[in-house]
Amino acid sequence: MSFLNTIASAFKGGDQTRVPIARGFTSPWAAAFDGGGKPPFEYTTAVRRAFVENPVAQRAVRIVAEGVGSAPLNSADTRLAGLIGACSAGQSLIETLAAHLLLHGNAYVQVMKDGAGQPAELFALRPERISVIAGEDGWPTAYAYRLANRTLTIPLEDDSGWPNIVHLKAFHPGDDHYGAGCLAAAEQAVAIHNAASQWNRALLENAARPSGALVYDGGDGGGLTTDQFDRLKAELSAAYCGQINAGRPMLLEGGLTWQSLSMSPADMDFANLKAAAARDIALAFGVPPMLLGLPGDNTYANYREANRALWRLTLLPLAGKILSGISQGLGPWFGGAPLSVDLDQISALSEDRERLWSQVSGATFLSDSEKRSLLGLKPEGDPK
């Protein structure tokens with residue numbers, strides 16, 4: 001161990017030996033990199049089917065990611081706030097990290113440094129291109145960034161002992177190195193919803209289920225000749241099929257009877273299945289179905305209550321995970337300056353904050369300094 005690493009280890013809590021860790025099962029991300037055959041979950045294909053082709057999944061991800069990215073921040077360090085608020089490759093850094101955590105379960109922030117070794121830019125790396133390089137004890141020592149036939153190894157820390165990459169991950173009970181994303185849980189619901197949409201499209205374009213049938217009653221038991229059948233089929237296709245002929249009355253010759261066909265219970269269950277799959281997608285990403293305009297969902301009394309639940313149950317926990325992880329990763333430069341969401345500036349939570357202020361203000365047994373502390377305000381007279 002070099003002298004600088006020894007000094008850095010001393011500041012980090014000494015040279016205590018950590019327990020070894022290892023993956024408890026074949027991770028889908030590792031299988032994609034290690035050449036272990038077809039992984040159980042293909043991220044690239046799943047993203048295309050969900051975010052690109054499925055409107056429910058895309059809208060759910062956008063609601064959460066854009067909500068987290070637009071949340072007002074509290075930071076005592078203006079330089080740190082500037083790094084967090086800057087764009088990463090033309091996109092909002094926090095929004096990009098939130099989308100990566102939702103879809104992949106892992107988010108990687110590369111710390112770009114200037115000539116003095118100070119952070120100059122935070123760049124969000126594509127998570128499907130990164131794999132963890134573990135040491136003998138299983139703990140990460142570096143990250144491999146793979147693009148086509150090129151592989152770039154990024155050490156966990158630079159020569160001075162400061163981090164190069166901040167790894168944010170969602171909780172996964174069976175993997176020590178990678179987190180579990182919401183997309184893996186929603187993949188089956190997305191497949192069902194996409195299949196139902198394709199079935200409906202085929203119904204409109206190819207008449208997959210006929211609206212009725214012509215029944216010929218010849219009386220003597222004879223059927224139509226081949227010429228008569230072809231002529232009748234051509235006339236029906238030309239005069240009564242398509243959008244422009246919708247609702248046009250049909251004139252039948254002798255011996256022909258029109259028999260309408262209704263939807264069977266199986267067809268009606270298929271339509272209900274699509275709505276159930278859409279609700280499962282919203283559930284996986286933590287978005288109340290009411291906010292996605294899904295029919296038949298009366299879980300929340302109104303839109304305002306659903307929006308408040310979105311912030312309390314999904315946006316604030318995800319924002320807290322991202323901000324705390326970045327704050328901890330950049331701690332060596334900014335002294336662990338806290339990052340948090342400014343709840344007073346969120347309009348969806350204004351009623352909750354107003355109720356809290358009223359309760360704290362009416363508590364006569366509390367001093368002014370205790371009230372300010374409960375409301376998250378700085379002590380009176382503190383210039384910071």
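This is a predicted model: local features need pLDDT of at least 70, side-chain atom pairs count only at pLDDT 80 or more; totals for chains, interfaces and linings use all residues.
A quick word on the ground rules. Local features need pLDDT of at least 70 and side-chain atom pairs count only at pLDDT 80 or more, while totals for chains, interfaces and linings use all residues. Residues are numbered from 1 along each chain as its sequence is written, and side-chain values use heavy atoms, with hydrogens and water left out.

Let's start with the rings. Rings of Phe, Tyr and Trp (its six-membered ring) pair if their centres lie within 6.5 Å; planes under 30 degrees apart are stacked, over 60 edge-to-face, and the rest tilted. Y108 and Y143 sit edge-to-face, 5.8 Å centre to centre with 70 degrees between the planes. Y108 belongs to strand 4 (residues 106-113) and Y143 to strand 7 (residues 140-147), so this pair ties together parts 35 residues apart in sequence. Strands here are DSSP runs of E, at least two residues, and helices are runs of H or I, at least four, numbered from the N terminus. Both Y108 and Y143 are buried, meaning under 20% relative accessible area, with exposed over 50% and partly exposed in between (1.4 Å probe, protein chains only).

The other pair, W162 and W333, is tilted, at 6.2 Å and 50 degrees. W162 is partly exposed at 32% relative accessibility, whereas W333 is buried at 14%.
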